[in-house]
Amino acid sequence: MHLHRHHDGLGGSGAAAHRPDGTRRALRLGLGGPVGSGKTATVAALCRQLRPELSLAVVTNDIYTREDAEFLLREAVLPPERITAVETGACPHTAIRDDISANLEAVEELEERSGPLDLILIESGGDNLTATFSRGLVDAQIFVIDVAGGDDIPRKGGPGVTTADLLVVNKTDLAPHVGADLARMAADAKAQRAELPVVLQSLRGEAGVAEVAAWVRERLAAWQA
Amino acid sequence: MAGLNTRPHRGTAGVRAHARIAARPDGRGGTALPVLAGDGPLALRRTRGTGDEARVTVVGAMSGPLGGDRFLLEAEVAEGARLRVGSAAATLALPGQGGEPARYETRLRVGAGGALRWEPEPLISVRGSDLRVHTRADVAAGGRLLLREELVLGRHGEPPGTLASRLTLRVAGRLLLDQDLACGPGAPGGWDGPAVLGGHRTVGQVLLVAPEFASRPPEPRLLGDTAALVPLDGPAALITAVAQDALTLRRLLSEATAAAEEAMAAATGAAAEAPGAAGAATGAADGPAGTTRADARPAGSTAR
Amino acid sequence: MNRAALLLLADGRFPAGGHAHSGGAEAAVRAGRITDAASLEAFCRGRLHTAGLVAASLAAAAALGAEPGELDAAADARTPSPALRDTARRLGRQLLRAGRTTWPGGQLDALATVFPRGLHQPVVLGAVARAAGLGPEDAAYCAAYESVGGPATATVRLLSLDPFDATGVLARLAPDTDRVAGRAVRAAREALTDGVDALPAASAPLLEISAEAHAARGGRLFAS
């Protein structure tokens, strides 16, 4: 398991796994990946799927302030008080990796306002293949790429593709139109990631986000155990 | 009351002048002025007031202050009194001979239920002058104040002198505003740059204290990109504007003041509908100080 | 003298949330007031002698052990823009988090307990400097340097300004930064005996006005 990589209880750090009252805090999942790969759509679908069973909230890290947060608001996947936009000063990867203080504060404000929460999804601003979340901010991370971005992305690797706890290859319905070889993408991903799981999904398909949602439930069960 | 012709001789230390105004209810629904003491260049005249409000005009300010001068102007508005103070003309900060700065201090005190409108004409910083202004306002809980300050950097087409103006507000003993603007050749660098005045030649502020702002502060409001109305952390609001000329500045400040007074009236209305709210408890039903005559004078007027 | 701790605290990479703020530079760029290295320098010089001086004196006073609540009230009075007051408290909370983790100790923990709303960032900066074994001069230098370093970095991103031009601006501002830090420390010592009114209150009208404009605007890159 990768669940216990975080370090416990360091003063003001956000990584402490327990609330001041001793209960386990919300599980924090990061969603990263390049621009346009479908991070926000995946977050929206996860919210719709999980909201009947879980108390959840979302933090977005937009490049231009509130676009992703506003998409989620328009889609009405969660009430507005459960969505917070963090501004990133033109450097979305800094806000999720090098200087996570604004995100940590957003997470704590959500817990304070709407808690206790089971799950907080933290979406990164669309960035490049090297952007990953700090372990001080999230407990696990999902990296979202899509078939239209080029079927050689899994082969090229990079920290997101190789080390994320879950790799999602999105928009599989577009594969025939963009000439992407799904089997090759899956094989390359497997080679890069060894045991780490990969999900191929189309949010337009019947299964939609179900497989990712199942993975999230599993992580949450392990976290709360 | 001393007029211009009684101006004391100027020593190397400059002129010292101390003028005082005290206002209190006259017991017949109006405001009396038991103290109205001008001094040297700070001559005071009681002019025709309106209703329960007394009015005083500072005259003769055209002659100074010069370098080395020290002026002190004090006004105290007692509980329940209403006073409005203006000036007959713009004040010119002029160069002195000794190269020493001039100081112009104003101390304003307003009691509970008292109201003061302090609306002098602009202060013009003339080339070669050096003036330090400090305006201190102390307002008791439930008191009202409207204070306008307009600074003009240089006469027409002229570079400014050195000017520093500090404005300090306390309400019920609590510090709510402390600001010190420095400009001109003797000011630290960058005063004319994009963070401070951005090349504008006039800058002004209107400070409003109103009890109903305690429960219903005005929303921040922008007028173009050179003027803003903001709520302070207490029953007060501040309007700040920069402009190329005094007329534009007065227009911006007047517009923003009208917006603030609207917010005040709305808060008063809300307070009246909710008995026990802060505004109602402090006599907000009397209405804001001089609301209706806020902008009766033509903008930029300096006529006597 | 604890020079290494000073370098750590003054490092732009110190994770206290500053990277998402432009110190008013984005608003000035949008208004067409910063267009190149020269106007960036004029902006930074003005900011240094106003907001920078006030921040440096607050930080120095906090490092000397002045009462944080009084300093915070003095900071509020010197910051009429509510958007800037919010920003200062937010950055103060973020710095306190980073400071508590970096230099653990009871003083900073107590600060978090006594002021749950947070304190203005310069006040926290002074307290963190103290916890790191630094003095009032160090705290003043950090605040003064930060008041121009942030806008310079942001302008590189906003205008694609040549980064060497931006560091050139900061180098030319070094003598002014020295003067501001010195003045701030003198004022802070005075404030210890005469109260917080002795602290500078230098104001910058356009910074205050544009901060409100920026806060009201959608589609911005920096939070302030």
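Me: How many cavities of 30 Å³ or more are there?
Reply: Here's the general idea: rolling a probe the size of a water molecule over the atoms shows where empty space is left. This is a predicted model, and the count for it comes to six cavities of 30 Å³ or more.

Me: What volume does the largest cavity have, and which residues lie nearest its centre?
Reply: Its volume is about 320 Å³. The lining has 21 residues, and B:Y104, B:T106, B:W118, B:P120 and B:E121 lie nearest the centre.

Me: Which element gives the most to that lining?
Reply: That's β12(B), with five residues. Among the strands of chain B that each supply at least two residues are β6 (82-87) and β8 (102-110).

Me: How do the lining residues of the largest cavity divide into nonpolar, polar and charged?
Reply: You get 12 nonpolar, five polar and four charged.

Me: What about the second largest cavity: what is its volume?
Reply: About 120 Å³. It is lined by 16 residues, and the closest to its centre are B:Q179, B:L181, B:V203, B:Q205 and C:S203. Chain C also gives two or more residues to this lining from α11 (205-215), together with β12, β13 (162-171), β14 (174-183) and β15 (202-209) of chain B. The lining splits into seven nonpolar, six polar and three charged residues.

Me: Which pair of chains has the most contacts?
Reply: Chains B and C, among the two pairs that touch. Chains A and B do not touch, and their nearest C-alpha atoms are 20 Å apart.

How values were computed: Residues are numbered from 1 along each chain as its sequence is written. Chains are lettered from A and ligands numbered from 1 in the order in which they are written. This is a predicted model: local features need pLDDT of at least 70, side-chain atom pairs count only at pLDDT 80 or more; totals for chains, interfaces and linings use all residues. Side-chain values use heavy atoms; hydrogens and water are left out. Contact means heavy atoms within 4.5 Å. On a 1 Å grid over the protein atoms alone, a cavity is a set of points where a 1.4 Å probe fits but cannot get out, and a pocket is an open set with protein on both sides within 12 Å along at least five of seven lines; lining residues have an atom within 4 Å of a point. Grid points are joined across faces, edges and corners, and a volume is the space filled by probe spheres set on the points. Helices (H or I, at least four residues) and strands (E, at least two) are DSSP runs, numbered from the N terminus. Ala, Val, Leu, Ile, Met, Phe, Trp, Tyr, Cys and Pro count as nonpolar, Asp, Glu, Lys and Arg as charged, and the others, Gly among them, as polar.
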